[in-house]
Amino acid sequence: MAETAKKRGPRVASVGDRVELSPRCGLWMRGAKFGEIQGINRDNGYAVIRIDHPQVKQLVAIRLYDLRFATPGAEYGLE
């Protein structure tokens, strides 16, 4: 008997996930590349992000499709 692999859908973002901003974001171009999701509004497709960059002090609302999940060590070039 052959085992069937479970099909997994795309990963869904949730509060507390580490994310990397898309290179098309203005913050990414200014060096603020990583953050953590603080809240999600699925109705309009935005996530509230706390950016890790020391010059970004406020929470930032960014579209969900402009985010990707950060792999461990990505901040240090260890992808």
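Helices (H or I, at least four residues) and strands (E, at least two) are DSSP runs, numbered from the N terminus. Read along the sequence, the protein shows the pattern β-α-β-β-β-β, which amounts to one helix and five strands. The structure is a predicted model, in which local features need pLDDT of at least 70 and side-chain atom pairs count only at pLDDT 80 or more, while totals for chains, interfaces and linings use all residues. Residues are numbered from 1 along each chain as its sequence is written, and side-chain values use heavy atoms, with hydrogens and water left out.

The pLDDT, which is the predictor's confidence in each residue on a scale from 0 to 100, has a mean of 82 over the protein, and 75% of the residues reach 70 or more. Confidence is highest in strand 3 (residues 46-51), with a mean of 94, and lowest in strand 5 (residues 67-69), with a mean of 85.

Next come the strand partners. Two strands pair if DSSP finds at least two bridges between them. Strand 2 (residues 34-41) pairs in the antiparallel sense with strand 1 over three bridges, and Val-19 stands opposite Gly-35 of strand 2. Strand 2 also pairs with strand 3, again in the antiparallel sense, over six bridges; here Ile-37 has Ile-49 of strand 3 as its bridge partner. These two strands form a hairpin with four residues between them, and Gly-45 in the turn has a positive phi of about 80°.

What lies inside? Of the 79 residues, 32% count as buried, meaning under 20% relative accessible area, as against over 50% for exposed and in between for partly exposed (1.4 Å probe, protein chains only). In soluble globular proteins, nonpolar side chains tend to be buried together. A nonpolar core is a set of buried Ala, Val, Leu, Ile, Met, Phe, Trp, Tyr and Cys residues joined through side-chain atoms within 4.5 Å. The largest such core has 14 residues, and those with the most contacts inside it are Leu-21, Leu-27, Ile-49, Ile-51, Ile-62 and Leu-67. Strand 1 (18-21), strand 3 and strand 4 (60-63) each give two or more residues to this core, and strand 3 gives the most, with three.

Leaving aside neighbours within four places in sequence, Leu-21 is in contact (heavy atoms within 4.5 Å) with several residues, among them Leu-27, Trp-28, Phe-34, Ile-51, Ile-62 and Leu-67.
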